Amino acid sequence: MENFISNVTSVNDAVNSFAWGWFAIILLLGTGVVCSAITKFFQFSHLRHWWSNTIATVFHKDTHNKSEVGAVSQFQALCTALAATIGTGNIAGVAAAICVGGPGAVFWMWVAALLGMMTNYSENILGIYYRRKNAENEWSGGPMYYLRDGLGSYKGMKNVGKVLAVVFACFAVLASFGIGNLGQINKITLNMESAFFSDMAVPAVAGVSIIRWFIGVILMIIGGFIILGGLKRIAAVAERVVPFMAIVYVVGALIIMCCHITSIGAMIASIFKFAFGAKAVAGGAAGTALSLAIKNGCKRGIFSNEAGLGSSVMVHSNSNVKEPVKQGLWGIFEVFADTIIVCTMTAIVCLSSGAIDLSTGAPVGDVDSATLVAKAFGGIFGKPGEWFIAIAVLLFAFTTVMGWSHYGSKAVEYLFGVKGAKVYRIIFVLMIISGALLDNSLAWDISDTFNGLMMIPNLIGVLALTPVVLKLTNNYVERNIKGKDVEPILSYDPDIQAEMKAKLKEDAE
């Protein structure tokens, strides 16, 4: 068995080095650059517009309208997507990036996010443009559909599009069980056990602490109630939990920043100082340090906000929005909220902990990235600070499980139909308890690889369909920003185009 695990680990390490190697990083950043350039850097040039049409409309009635059958509101789609993205990557992931890549990794996390805003925007508008209704009259969209019907519509690319769509769906299903389920539940269990039960002597069942069994069973029951209720129930829970947990976490981080206000300048300076490979990070040379900073910043940034993976498209496509670009604007805000706000807060908390030497960028002593944020909060708030992070991880990670259950079900639906998706949800819920019992990090490492492998076919599709992204963006800008009387472009399907056009006319009246 040990030989088998060793062989699997070796194979996974080799594939992971490709999935998250320089080819993937360049493809990722390059796609962000291309999508930004063709839209004239929409995330900056139209900042006021996307801001006023996303979070600034949070109290508007239309943003929360749930009247359409088989759809969720725009805000629910955002919260469900954020539920999946704001997870352990925002806490342990950021800490790990800094511990391995130094403070400079934060800079590259920002770069990946600023470019990723337009990658996510492009994915979302393609998802809306190529979506269709399934057998249960629910919207279905995602990379599978724009790979098959978008990329596949090009001359000689029909089979290529179909194959890439299936490949993406398969990797999405596998990743949903790993990073979307087992890894998150395992993180919850370890943090809860460490924060609340570390001083207790508890019996074991089948070699596993009864505490883990108890946590696993409770999470499976709660998960079953929410996940088996379908997207409507997942979105309803996400709409209430996600804003609350994000605001509370940011407030806690702001308090820590205020307590270290005199050091904020040194922290920000260290981020820029080590972004371009200053020596001494982890004892390495400048070139090695730069490589570590870029790779870890980009990797952890994408792990956090998922821009480029194509995963969140599968829930944004369920929005009741008529305009593809309007949901794309929410995609821009999603990346901004996840990385520029939440991850930056975590980074400052990590750098204020004293565990990172701001003059060398190297960890001080034996630093555990998994508990670094908890210790930073504990340093200010005492034991309650560590309890707070344990609860934050619980909420962040469990909402990630909710979001990924929908992603996996949509991928299975593409492969096996609506009935297959129902079976998948049951299996997904039953697997929750396994995550609580795991000691081994191999499942997490393997699913990290599948996450990277999802990215490659998706980005190929996005790059190939940049003419569609440009066409949709220009059409939207002409009508909604410049006020010109231009025919709206809303769907690749003539019937859906006519339906959405009629609804836009009704809304205008």
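The paragraphs below cover the ring pairs, then a threonine, then charges over rings.

This is a predicted model, in which local features need pLDDT of at least 70, side-chain atom pairs count only at pLDDT 80 or more, and totals for chains, interfaces and linings use all residues. Residues are numbered from 1 along each chain as its sequence is written, and side-chain values use heavy atoms, without hydrogens and water.

The structure holds 21 aromatic pairs (rings of Phe, Tyr and Trp, the last by its six-membered ring, with centres within 6.5 Å; planes under 30 degrees apart are stacked, over 60 edge-to-face, the rest tilted). Phenylalanine 42 and tyrosine 121 form a stacked pair, 5.5 Å centre to centre with 20° between the planes. Because phenylalanine 42 is in helix α3 (residues 42-45) and tyrosine 121 in helix α7 (residues 104-129), the pair ties together parts 79 residues apart in sequence; helices are DSSP runs of H or I, at least four residues, numbered from the N terminus. Phenylalanine 177 and phenylalanine 428 form a tilted pair, at 6.0 Å and 35°. Phenylalanine 177 lies in helix α9 (residues 158-196) and phenylalanine 428 in helix α18 (residues 418-437), so this pair ties together parts 251 residues apart in sequence.

Threonine 54 lies in the loop between α4 (47-52) and α5 (74-85). Threonine 54 is buried, at 0% relative accessible area (buried means under 20%, with a 1.4 Å probe and protein chains only). A polar atom of its side chain lies 2.6 Å from the backbone oxygen of tryptophan 50. Ring pairs link Trp50, Trp51, Phe333 and Phe336 into a cluster.

Lysine 133 lies over the face of tryptophan 139, 4.6 Å from the ring centre (NZ of Lys or CZ of Arg within 6 Å of the centre and within 35 degrees of the ring normal).

Methods. Helix = DSSP H or I, 4+ residues; strand = E, 2+ residues; numbered from the N terminus. Buried < 20%, exposed > 50% of the residue type's maximum accessible area, 1.4 Å probe, protein only. Polar contact = N/O pair within 3.5 Å; in protein donor to acceptor, adjacent residues only side chain to side chain.
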